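Take a look at the chain below. This report walks through its parts, one by one.

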Amino acid sequence: VGHQIDLSDADAVRTLATTIAAQHGGRIEAVAAVAGGFAFSGPLSDADPAVFARQTLINATSAWTTARAFAPAVRVAHGAFVFVTSPAALVGGRSAN
């Protein structure tokens, strides 16, 4: 079962984690957090700070909010996390051919 959610929204992730944990007796065996997006902003000296902030939100903040929200139920189950970030995760996204 998959759920589409903004992983950077800590409240939404916490609500989802609570709902899923309640449906499974407080135990979650595995969480796969798949975030999509990448933007290249050129050489560091020319890089756009807004692009860097967006990439941090997609790739780091989303992992943090997910781990924080799901950790209690995953810990109970001795489960695992899988984190993936790829433009292929976006609606209409493509992978390399």
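## I28, a buried loop residue

I28 sits in the loop between α1 and β1. This is a predicted model. I28 has a relative accessible area of 7%. The cut-off for buried is under 20%, so I28 counts as buried.

Which residues does I28 touch, once neighbours within four places in sequence are set aside? The contacts are A17, I20, A21, F70, A73, V74, A77 and G79. Among these, F70, A73, V74 and A77 are also listed as buried residues of α2. I28 and V76 are 48 residues apart along the chain, but their C-alpha atoms are separated by 7.7 Å.

## The chain as a whole

The protein chain has two helices and two strands. In sequence order, the pattern reads α-β-α-β. The chain holds 97 residues, and 24% of them count as buried.

Residues 24 or more positions apart account for 65% of them. The accessible surface of the chain is about 6600 Å². Carbon and sulfur atoms make up 60% of that surface.

Helix α2 covers residues 49-77, which is 29 residues. From first C-alpha to last, α2 reaches 40 Å. That is close to the 42 Å expected at 1.5 Å a residue.

Where does α2 bend? The place is A71, and the bend is about 55 degrees. A proline, P72, follows within four residues. A side-chain oxygen of D48 comes to within 2.8 Å of the backbone nitrogen of A50.

## Helix α2: what is buried

The buried residues of α2 are Q55, I58, S62, T65, T66, A69, F70, A71, A73, V74 and A77.

Take I58 as one example. I58 lies in helix α2. Its relative accessibility is 10%, so I58 counts as buried. I58 and A35 are 23 residues apart in sequence. In space, C-alpha to C-alpha, they are 6.4 Å apart.

H78 is in the loop between α2 and β2. Is H78 buried or exposed? At 73% relative accessibility, H78 counts as exposed, because the cut-off is over 50%.

The backbone of H78 deserves a look as well. Most residues other than glycine have a negative phi. H78 is not a glycine, although its phi is positive, at about 55 degrees. This residue comes just after α2.

## The aromatic pair

The structure holds one aromatic pair. F81 and F83 form this pair. Two values describe such a pair: the distance of the ring centres and the angle of the planes. For F81 and F83, the centres are 5.6 Å apart, with 10 degrees between the planes. The pair is stacked, because planes under 30 degrees apart count that way.

How exposed are the two rings' residues? F81 has a relative accessible area of 27%, so F81 is partly exposed. F83 stands at 42% relative accessibility and also counts as partly exposed.

Note on methods. Residues are numbered from 1 along each chain as its sequence is written. This is a predicted model: local features need pLDDT of at least 70, side-chain atom pairs count only at pLDDT 80 or more; totals for chains, interfaces and linings use all residues. Side-chain values use heavy atoms; hydrogens and water are left out. Buried means under 20% relative accessible area, exposed over 50%, partly exposed in between (1.4 Å probe, protein chains only). Contact means heavy atoms within 4.5 Å. Accessible areas come from the Shrake-Rupley method with a 1.4 Å probe; for residues, only the protein chains shown count as cover. Rings of Phe, Tyr and Trp (its six-membered ring) pair if their centres lie within 6.5 Å; planes under 30 degrees apart count as stacked, over 60 as edge-to-face and the rest as tilted. The expected span of a helix is 1.5 Å times one less than its number of residues. The bend at a residue is the angle between axes fitted to the seven residues ending there and the seven starting there. A polar contact is a pair of N or O atoms within 3.5 Å; within protein, one must be able to donate a hydrogen and the other to accept it, and residues adjacent in sequence count only if both atoms are side-chain atoms.
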